[in-house]
There are 2 protein chains.
Amino acid sequence: MNASQTKGISILLVDDHPVVRQGYRRVLEHQDDFQVVAEADNAADAYRAFKAHAPDVVVMDISMPGASGLEAIRNIRARSSDTRILVFSMHCEAAQVKAAFNAGAKGYVTKGSDPSALIRAIRSLVHGEQAMSDDIARVLALDNLSPSGSVLDQLGEREIEILRQLAAGATTEQIASNLNLSIKTVQNYHYLIKTKTGMRTDAQLVRLAVECGLASL
Amino acid sequence: MNASQTKGISILLVDDHPVVRQGYRRVLEHQDDFQVVAEADNAADAYRAFKAHAPDVVVMDISMPGASGLEAIRNIRARSSDTRILVFSMHCEAAQVKAAFNAGAKGYVTKGSDPSALIRAIRSLVHGEQAMSDDIARVLALDNLSPSGSVLDQLGEREIEILRQLAAGATTEQIASNLNLSIKTVQNYHYLIKTKTGMRTDAQLVRLAVECGLASL
DNA sequence: GGTTGGTTGGGAAATTTTCCCGAATTAGAA
DNA sequence: TTCTAATTCGGGAAAATTTCCCAACCAACC
């Protein structure tokens, strides 16, 4: 299953921005032993390309339309445990990074880091090591020191769901209707979420939800 | 002031992601008559590099830390009216696009569009034309059909400032204190903003503010 | 069988929202 | 100039929500 028919390291690129993709394709192929064998711009195509080419390494941006990046990682890992997945993302929130590793990624490099960091990380993965850029290491380290891994860890499932809908712009009535709850219960959750997270304003709540990857934009 | 000492078209690249920058530097330099004369990863450096090299075209991502991209455009335009600025961004909200053009950009291409679109746009700019990618054209066209140019047009200066602080997470008391207003007045503005914009929730207000470029994250 | 913890909602006081209003200021048109 | 229109500022009062406390249910777990 391991694709070593090519001389060096075979790579599948997944990113929804063509220019960016083409850009770092060139960066990677500048390395003599790297070969980009396929590209994809969405999770479904990524999985198809993975099955077709069985690359050594998948370099993927997980913030793609449909937000199914994590799902794609799980799918690929479920099928082949020796394909190494490197997440290459703009975001560096601890929650997102941990989610990626939990899904089965072996590396995480931010787009803000030096190109050489990406190349180094790929080589580490091929040698069976985990790898991440310095900024990610720092974020994870700090996260590890904080009492709660994430603010969201203190929240129950219901609370998280309500926070999500709140941040999405739903009214109290809509949430109650969506979840078949009384308005009173939603109000109580709303209050509870604020006190638990220490946020004083609904706007702060929205920002928190976005930071934690619960909501977008 | 026009820098034609180089044979072809001199370009300044501004983007806060080194890999992305290096990536499309290669894409651009694949064109024989293009020459990337400098790079920058923030607004201040961009302005310095612009003064030092007086490039024909500045290709810049405006969603940089500090969100000072628009300011950078204004600064550059204020100094040289024949430098063409092309915004190269992930975002394609009408408000942001219009803000960029109003600030003095001559082109707007999304990162999601084909690499050739970027190259074509640069050539258009050099010929004195405006240019934008297809998706941007579509967004602006739709926006033009909608009755109000921007939702923010219906808001007064005070209202916008209060919306900004609201979206930033400030409490009513904090806003009142910041602007030397009574709490009552801030409450009244808060209500007025909601009715004017048709938003029913503070969370919706935050999203609106972000969409209009009033707030970030 | 008791304890813990997530879930669901009632109650009641405190606070905010909602909508009304008028006054002061400014900008612009007549 | 004078009048109108728009913006800014805030009071008042009813309606609604927030805030905090509490109780009940259910499931998991020792």
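Modeller: Start with how the two chains meet. This is a predicted model. Putting chain B and chain A together buries about 3,000 Å², and 66% of that is on carbon and sulfur atoms.

Colleague: How many residues of chain B and of chain A are in contact?

Modeller: On chain B there are 35, and they are in contact with 34 residues of chain A.

Colleague: What about salt bridges, how many between chain B and chain A?

Modeller: The count is 0. For polar contact, the count between chain B and chain A is 4 residue pairs, with both residues at pLDDT 80 or more.

Colleague: Which helices of chain B supply at least two residues each to the side that touches chain A?

Modeller: Helix 1 (18-29), helix 7 (157-168) and helix 10 (202-211) of chain B. Helix 1 of chain B gives the largest share of that side, 8 residues. Sorted by class, the side of chain B that touches chain A has 16 nonpolar, 11 polar and 8 charged residues.

Colleague: Changing topic. What is the strand order of the sheet in chain A?

Modeller: Chain A has an open sheet of 6 strands in the order 2-1-3-4-5-6, and the pairing is parallel.

Colleague: Which strands stand at the edges there?

Modeller: Strand 2 (34-40) and strand 6 (131-132) of chain A. Each has a single partner strand, so one side of each has no neighbour in the sheet.

Colleague: And how many bridges join strand 1 to strand 3 in chain A?

Modeller: There are 4 between strand 1 (residues 9-14) and strand 3 (residues 57-60) of chain A, and the two run parallel. To pick out a residue, Ile11(A) has Val57(A) in strand 3 of chain A as its bridge partner.

Colleague: What lies across that sheet?

Modeller: Helix 5 (residues 115-126) of chain A lies across strands 1 to 6 of chain A, at about 160° to strand 4 (84-89).

Colleague: OK, now chain B. What is the strand order of its sheet?

Modeller: The order is 2-1-3-4-5-6, in an open sheet of 6 strands with parallel pairing. Strand 2 (34-40) and strand 6 (131-132) of chain B are the edge strands, each pairing on one side only.

Colleague: How many bridges join strand 1 to strand 2 in chain B?

Modeller: Strand 1 (residues 9-14) and strand 2 of chain B are joined by 6 bridges and run parallel. Ser10(B) stands opposite Gln35(B) in strand 2 of chain B.

Colleague: Back to helix 1 of chain B. Which strands does it touch?

Modeller: Helix 1 of chain B packs on the sheet and touches strand 1, strand 2, strand 3 (57-60) and strand 4 (84-89) of chain B. The direction of helix 1 makes about 165° with that of strand 2 of chain B.

Conventions
Residues numbered from 1 in each chain as written. Chains lettered and ligands numbered in written order. Predicted model: local features only at pLDDT ≥ 70, side-chain atom pairs only at ≥ 80, totals over all residues. Heavy atoms only, no water. Contact = heavy atoms within 4.5 Å. Buried area = accessible area lost by both parts, 1.4 Å probe. Salt bridge = Lys/Arg side-chain N within 4 Å of Asp/Glu carboxyl O. Polar contact = N/O pair within 3.5 Å; in protein donor to acceptor, adjacent residues only side chain to side chain. Nonpolar A, V, L, I, M, F, W, Y, C, P; charged D, E, K, R; others polar. Pairing = 2+ DSSP bridges. Axes fitted to C-alpha atoms, helices over the stretch in contact; angles between N-to-C directions.
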